[in-house]
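Please find below my notes on the model.

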Amino acid sequence: MGLKAFRGELLSVAQDPREAGSEAVRHEADGLLVIEDGVILARGAYADLAARFADVPVERLDGLIVPGFIDAHVHYPQMDRIAAHGEQLLDWLERHIFPAEKAFAARAHADALAEAFLTELLRNGTTSALVFPTVHEHSVDALFEAALARRMRIISGKVLMDLGPEGLRDTPQTGRAESEALIRRWRGRGRLGYAMTPRFALTSSDAQLAEAGAFLEAHPDALLHTHLAENVHECAAVAARFPEAIDYLDVYDRFGLVGSRSVFAHGIHLSDRACTRLHESGAGIAVCPSSNLFLGSGHFNFGQADRIGVRLGLGTDIGAGTTFSMLHTAGLAYQVALAREERMDPFRALWLATGGSARLLGIADKVGALEEGQEADFAVLDAGATPLLARRTRDAALAERLFALQILGDDRAIARTYILGQCAWQRKPT
Ligand code: GUN
Ligand code: ZN
């Protein structure tokens, strides 16, 4: 395959601006992205690179080109249960979510939802995600087959829940055996990765949590993906079941589930001790502000996490989250930070949604920053997507324009999404 290039405004944030300051932000007002076989060969100011790549065909892209968003925590089976009224976490699961997940016993249903889900990711500029499927082994096959066909970088793994409700229960033995079969079947295919996925402490027996720990030890390429300290009633139930544990995180720790490959969703109600343990172990949190607001779970404590140095990424947590848009979710991260009198600049919010999530998922060498050598997954943002956005961003400097996109933007502001340098989604002309 030959070379190709895109000319336009480029923006990426490779490191946490809290740590690296303005060095973290890379911006070319008139940039060139040169791509070879889906990988970024060169990136820089058009004026600097044009002569070197004079023979390469160039396509001009109108808008702000950013790395494809990386959703660090999302449930594909729940997309049709978004906006389910009335309950906090535990009742919401019983009343709305478990019935929806039972329907995945039918493979055809899983296939249909996997297709719809990946389309929705692309419509929202999301090119990679760490995804909860259901307890059914074939729910992972359905998602991976669809992602393989679209060449998307997707990480997932069968949900373990031997204490789940009737119809959604596995056993420590079947959960382990199916996880082993899945990782054997899918390892090394396309851009897929495997995550050991116990739902949360309350839906797995001690024996199953121990199997999850053993699986992680046996598979150094697998992530651990679960929920942690989301809701006060959940935390009380965990404390009641595990009186010997120091706190919720310690429950996972006792089974070997806390390490540098561990991704915990939420982490709303954490002690300084737990944050320190996350920091020391290299584990991190997928912050899910949309979900936390919808289920009344609380506001993530960025001040505490940053003081102690916890790794962070950003997730939509569909279907408790109410938007697939990581752009909008970045705007919500700003709002929950402000609720606790913390600051969140728009570049850090963009970092959380791209480079931060990439680091959390262990894929920062491959995606998240539009760096040379990375895969060419990107989104083209349109600051004129709505009349209001157009008014608000007219003559705005970069930071103000980006912030307006995060607060006022959503799927409407995604003009195009590229996977490995190829257009995978394009907004219809309005
Ligand atoms: N905790 C355990 N399961 C779930 C789930 O499906 N969604 C959310 N938000 N939290 C959970
Ligand atoms: Zn979740």
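The numbered points below go through the structure by region.

1. Basis. This is a predicted model, in which local features need pLDDT of at least 70, side-chain atom pairs count only at pLDDT 80 or more, and totals for chains, interfaces and linings use all residues. Residues are numbered from 1 along each chain as its sequence is written, with chains lettered from A and ligands numbered from 1 in the order in which they are written.

2. Ligand shell. Around ligand 1 stand His75, Leu89, Leu93, Ile97, Arg199, Phe200, His227, Glu230, Ser291, Asp317 and Ala320 (C-beta atom, placed from the backbone, within 6 Å of the molecule). Five of the shell residues are nonpolar, three polar and three charged (nonpolar: Ala, Val, Leu, Ile, Met, Phe, Trp, Tyr, Cys and Pro; charged: Asp, Glu, Lys and Arg; polar: the others, Gly among them). Helix H3 (residues 89-102) contributes three residues, the most of any element (helices are DSSP runs of H or I with at least four residues, strands runs of E with at least two, numbered from the N terminus).

3. Sheet. Seven strands form an open sheet in the order E3-E2-E1-E4-E14-E15-E16, with mixed pairing (two strands pair if DSSP finds at least two bridges between them). Strand E3 (39-45) and strand E16 (422-426) are the edges; each has a single partner strand, so one side of each lacks a neighbour in the sheet. Strands E1 (residues 3-13) and E2 (residues 25-36) run antiparallel and are joined by 10 bridges, with leucine 3 opposite glutamate 36 in E2.

4. Helix H13. Residues 326-339 make up H13, whose 14 residues reach 20 Å from first C-alpha to last, close to the 20 Å expected at 1.5 Å a residue (expected span: 1.5 Å times one less than the number of residues). H13 is largely enclosed by the rest of the structure, because 11 of its 14 residues are buried (20 or more other C-beta atoms within 10 Å of its own; exposed, 12 or fewer; partly exposed, in between; C-beta atoms placed from the backbone). Among the buried residues are His328, Thr329 and Tyr334.

5. Backbone points to check. The peptide bond from isoleucine 318 to glycine 319 is cis, with omega near 5°; glycine 319 sits in the loop between strand E13 (311-314) and H13. Glutamate 341, not a glycine, has a positive phi of about 60°. Glutamate 341 lies in the loop between H13 and helix H14 (346-360) and is exposed, with 7 other C-beta atoms within 10 Å. Leucine 420, also not a glycine, has a positive phi of about 45°. Leucine 420 falls in the loop between strand E15 (414-419) and E16 and is partly exposed, with 17 other C-beta atoms within 10 Å.
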